[in-house]
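Hi,

Here is the structure I said I would pass on.

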Amino acid sequence: MTFSADDFLFMARALRLAERGMFTTTPNPRVGCVLVKDGSIVGEGWHERAGGPHAEAVALNIAGTKAQGATAYVSLEPCSHYGRTPPCADALIAAKVVRVVAAMQDSNPRVAGSGLQKLRDAGIAIETGILENEARELNIGFHSRMTRARPWMRIKIAASLDGKTALGNRTSKWITGADARRDGHRWRARSCAVMTGIGTLTDDDPRLTVRDVETPRQPLRIVVDSRLRITPEAKILEGGGVLIATATRDEARNRALANKGAEVVVLPNPEHKVDLLALAKDLAGRGINEVLVEAGTNLNSALLRAGVVDELLIYLAPHILGDAARGMLDLGELTEMNQRLQLSVLETRMFGADLRILARPVIEKQGP
């Protein structure tokens, strides 16, 4: 399918609009819509939050009667089912648009092509696939939850150039500069949840809230604590909105934590640790699309071994901490080079003096 320069221009605009819901749409996808008639935009909008109007509805409301005969550029297939709002496909049909260009098909099984088919059946021209990769990346957590029944899990690590995350005495403030830390808060803000382990809680007593950027909501905070060692005085419990994943059943501790506004979920594996794959699936059931992990060596490594890590967000600071400092991951002793963790680097960017690397584990295809 061949798209025109204008098609790319207007879809890029729809994607930029969708990004305005970066911090707010969870658990829904981020979606933008642009209505174009005779080469001019007559209406546009984006989905701001769950329960609010969808991008198409906002754009149609602005366009009014000018939507008749227009082309709708939508960053995700219009929905075809009744949820908290009516189907967007029906609204586009009623407005008498003549063409719908969607960046990609919705991965939600409740939609999954049915919205586009409804539009085709109404005689509307349908085209898909323009800027599809960009659209998928914008909602990578939503698509992960829809297709794999688990969130997109991203590990954030701040380290020295020699890969050390803390001194031998566990001191880690501050490895990176203010610009890199502020960027880290942007990743917190876009995430549905921020996860840490009891080791980090014991060493640093963090709050894990978004502070350095403006956001209308705080992500769910998750503590992985197999033996339920967290104390009710931990700063992370302030203000509620905390989920504690454990392998230990202790009703007295559960009540004390519940009084602080925390929820405890017991998910043991055969080794009496938290079953991390089961935790990932539990989070998906709660509508969690993206998880940012800000933890230490033990939890980071355990998540990698469990196969639930999708992305690494590594900030490298221009200094050396030496062999006695703590490393970023414990992969055990490797005896063959093919045992190494291979990464595909998606992006590198400087924040002040620090280098940010966005990378994903390379998954080798099985079979021919």
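**What I found**

Asn 108 sits in the loop that runs between strand S4 (99–102) and helix H4 (114–121). Keep in mind that this is a predicted model. Is Asn 108 buried or exposed? Its relative accessible area is 15%, under the 20% cut-off, so Asn 108 counts as buried. Leaving aside residues up to four places away in sequence, Asn 108 touches Phe 142 and Met 146.

Phe 142 brings us to helix H6, which covers residues 140–148. Phe 142 is buried there, along with Ile 140, Gly 141, His 143, Ser 144 and Arg 145. What do the buried residues of H6 pack against? Two of the partners are helices, H5 (132–138) and H10 (276–285); the others are S6, strand S12 (290–293) and strand S16 (354–361). Just after H6 comes Ala 149, with a positive phi of about 55 degrees.

Now the sheet. S6, S12 and S16 all belong to an open sheet of 9 strands with mixed pairing, in the order S11-S10-S9-S8-S12-S6-S13-S16-S15. At the edges are strand S11 (262–266) and strand S15 (343–351), each pairing on one side only. From one strand to the next, the twist averages 20 degrees.

Cheers

Definitions and conventions. Residues numbered from 1 in each chain as written. Predicted model: local features only at pLDDT ≥ 70, side-chain atom pairs only at ≥ 80, totals over all residues. Heavy atoms only, no water. Pairing = 2+ DSSP bridges. Helix = DSSP H or I, 4+ residues; strand = E, 2+ residues; numbered from the N terminus. Axes fitted to C-alpha atoms, helices over the stretch in contact; angles between N-to-C directions. Buried < 20%, exposed > 50% of the residue type's maximum accessible area, 1.4 Å probe, protein only. Contact = heavy atoms within 4.5 Å.
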